[in-house]
Amino acid sequence: QWYRLQTSLGRQDFTTIEDATDLTYTPTADDVGACLRVECIGPYGGDKVVVDTTPIALEPAMHAELMALFGRGHAEFNAVTPQQEPRILLVTRKNIKVRSRLSRLVTSATTLYKQAYDQALTASVDASNPNELELRLAEHKYRFVLESRRQRDLAVIAIRMFAGPGCPTHADDEAEVEEAREDVPEEEAQE
């Protein structure tokens, strides 16, 4: 089983990586900057073996491509929805847009949703589909399929990079709700 080191509320814990149970594992955008751990027991039993990695880094070519996108001030990714509807993810320094894509029948792209980085944003990979990402923008949730795993990872990292560390995520919102629950005295919680 493979695990990812997560930091939440100042605590570090290894959390299970869904469907990562083989001896080999290919890191994704969610693993960049994190340490990984694999735990295994041989086919005939014995002691558990645990191996930790150093923090996962980007490959140099992807790093260079991200720096070029950031230098340009925007990134554009072609994708489709699971229903095969063409979409464009336009990521800029100020906001992120989900747009319909041009076709022979449609001569102009339409912005379907636009959000600044002061609202909750979460971009994550889908462990069960190597080309799919989930994008949560405020209360909206989108699923997109990109042409390759590399394009998917590039899109996720670019979104996180343009949004910056100050952009709230849905995990922040969930942690605040959990903290509020913990702060409620037990008598009030039972009422």
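Visitor: How much space lies in the second largest pocket?

Guide: The model is a predicted one. In it, the second largest pocket holds about 180 Å³ of space.

Visitor: Which residues line the second largest pocket nearest its centre?

Guide: P27, T28, L58, M62 and D153 lie nearest the centre, out of 13 lining residues. Helix α2, residues 149-163, gives the most to that lining, with four residues.

Visitor: What makes up the lining of the second largest pocket by class?

Guide: Eight residues of the lining are nonpolar, four are charged and one is polar.

Visitor: What makes the contact between D31 and R4 a salt bridge?

Guide: The cut-off is a side-chain nitrogen of Lys or Arg within 4 Å of a carboxyl oxygen of Asp or Glu. The side chains of D31 and R4 meet at 2.5 Å, N to O, so the pair meets the definition of a salt bridge. D31 sits in the loop between β2 (11-16) and β3 (36-40) and R4 in strand β1 (residues 2-8), so the bridge ties together parts 27 residues apart in sequence.

Visitor: Why are D31 and R4 called buried?

Guide: Buried means under 20% relative accessible area. D31 has 0%, and therefore counts as buried. R4 has 10%, and therefore counts as buried too.

Visitor: How do you know that E65 and R150 form a salt bridge?

Guide: Their side chains meet at 2.9 Å, N to O, and the limit is 4 Å, so the label applies. The pair links distant parts of the chain, with E65 in helix α1 (residues 60-72) and R150 in helix α2, 85 residues apart.

Visitor: Why is E65 called partly exposed?

Guide: Partly exposed lies between the buried limit of under 20% and the exposed limit of over 50%. E65 has a relative accessibility of 31%, so it is partly exposed. R150 has a relative accessible area of 31% and is likewise partly exposed.

Visitor: What are the parts of the chain that the pair E132 and R143 ties together?

Guide: The closest N and O atoms of E132 and R143 are 2.6 Å apart, in a salt bridge. E132 lies in strand β10 (residues 132-137) and R143 in strand β11 (residues 140-145), so the pair joins parts 11 residues apart in sequence. Salt bridges that share partners join D126, E132, E134 and R143 into one network.

Visitor: Is E132 buried or exposed?

Guide: E132 has 8% relative accessibility, so it counts as buried. R143 has a relative accessible area of 30% and so is partly exposed.

Visitor: How many salt bridges does a search of the whole structure find?

Guide: The search finds 11 salt bridges.

Visitor: What is the phi of Q84, which is not a glycine?

Guide: Q84 has a positive phi of about 70°. The residue is placed in the loop between β5 (74-80) and β6 (86-92). At 56% relative accessibility Q84 is over the 50% limit, and so counts as exposed.

Visitor: Where does A138 lie, and is it buried or exposed?

Guide: A138 is in the loop between β10 and β11. It has a positive phi of about 50° although it is not a glycine. Its relative accessible area is 17%, under the 20% limit, so A138 is buried.

Visitor: What share of the protein chain is buried?

Guide: Buried residues make up 35% of the 191 residues. The chain has four helices and 11 strands.

How values were computed: Residues are numbered from 1 along each chain as its sequence is written. This is a predicted model: local features need pLDDT of at least 70, side-chain atom pairs count only at pLDDT 80 or more; totals for chains, interfaces and linings use all residues. Side-chain values use heavy atoms; hydrogens and water are left out. On a 1 Å grid over the protein atoms alone, a cavity is a set of points where a 1.4 Å probe fits but cannot get out, and a pocket is an open set with protein on both sides within 12 Å along at least five of seven lines; lining residues have an atom within 4 Å of a point. Grid points are joined across faces, edges and corners, and a volume is the space filled by probe spheres set on the points. Helices (H or I, at least four residues) and strands (E, at least two) are DSSP runs, numbered from the N terminus. Ala, Val, Leu, Ile, Met, Phe, Trp, Tyr, Cys and Pro count as nonpolar, Asp, Glu, Lys and Arg as charged, and the others, Gly among them, as polar. Buried means under 20% relative accessible area, exposed over 50%, partly exposed in between (1.4 Å probe, protein chains only).
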